[in-house]
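Thank you for making time this morning.

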Amino acid sequence: METKLREHVGRQIGKLARPSRIIWADDLPKTRSGKIMRRLLRDVADGREPGDVTTLRDASVLAQLQQNAKEA
């Protein structure tokens, strides 16, 4: 599945946009109003500690995402 996804991105957007790794998640970190917190996604992808997470709707989503990133 990951190979197919990388190939699809390469065909549709371009080879430079092809992701080097893919982190699977059941949900994304969102605010109480439902906005996706892209800053936290970047922190997880870069292996940094997330900053302020007080506005998260469900903090367990971030913990699961961090665990999936370690396994990837």
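Of the 72 residues in the chain, 21% are buried, where buried means under 20% relative accessible area, exposed means over 50%, and partly exposed is in between, with a 1.4 Å probe and protein chains only. Please keep in mind that this is a predicted model, in which local features need pLDDT of at least 70 and side-chain atom pairs count only at pLDDT 80 or more, while totals for chains, interfaces and linings use all residues. Residues are numbered from 1 along each chain as its sequence is written, and side-chain values use heavy atoms, with hydrogens and water left out.

The chain has three helices and zero strands, and from the N terminus on its elements run α-α-α; helices (H or I, at least four residues) and strands (E, at least two) are DSSP runs, numbered from the N terminus. Taken along the principal axes, the C-alpha atoms fill a box of roughly 40 × 25 × 20 Å. If we take contacts, meaning heavy atoms within 4.5 Å, with a separation of 6 or more, then residues 24 or more positions apart account for 35% of them.

Which residues make up the largest nonpolar core? There are seven, namely Met 37, Leu 40, Val 44, Leu 56, Leu 62, Leu 65 and Ala 69, and by a nonpolar core I mean a set of buried Ala, Val, Leu, Ile, Met, Phe, Trp, Tyr and Cys residues joined through side-chain atoms within 4.5 Å. Helices α2 (38–46) and α3 (59–71) each supply at least two residues of this core, and α3 gives the most, with three. Leaving aside residues up to four places away in sequence, Ala 69 touches Arg 21, Ile 23 and Val 44.

Let me turn to the charged side chains. Side chains of opposite charge can pair when their charged atoms come close. The structure holds four salt bridges, each being a side-chain nitrogen of Lys or Arg within 4 Å of a carboxyl oxygen of Asp or Glu. One of them joins Glu 2 to Arg 6, with the closest N and O atoms 3.8 Å apart; these two residues are separated by about one helical turn, because they lie four residues apart in helix α1 (residues 2–12). Another pairs Asp 27 with Lys 30, where the closest N and O atoms are 3.8 Å apart, and here Asp 27 is partly exposed at 35% relative accessibility, as is Lys 30 at 27%. Asp 46 bridges to Arg 48 with the closest N and O atoms 3.5 Å apart, and a network of salt bridges links Asp 43, Asp 46 and Arg 48.

Is Glu 49 buried or exposed? Glu 49, found in the loop between α2 and α3, is exposed, with a relative accessible area of 69%. Its C-alpha atom is separated by 15 Å from that of Ser 60, 11 residues apart along the chain.

Finally, the surface: the chain exposes about 5600 Å², of which carbon and sulfur atoms supply 51%, with accessible areas coming from the Shrake-Rupley method with a 1.4 Å probe and, for residues, only the protein chains shown counting as cover. Met 1, Leu 5 and Trp 24 form a nonpolar patch there, with about 350 Å² of accessible area together. Patches are made of residues with over 30% relative accessible area and no salt bridge, like charges being joined within 9 Å and nonpolar side chains (Val, Leu, Ile, Met, Phe, Trp, Tyr) within 5 Å. Trp 24 itself lies in the loop between α1 and α2 and is partly exposed, with a relative accessible area of 43%.
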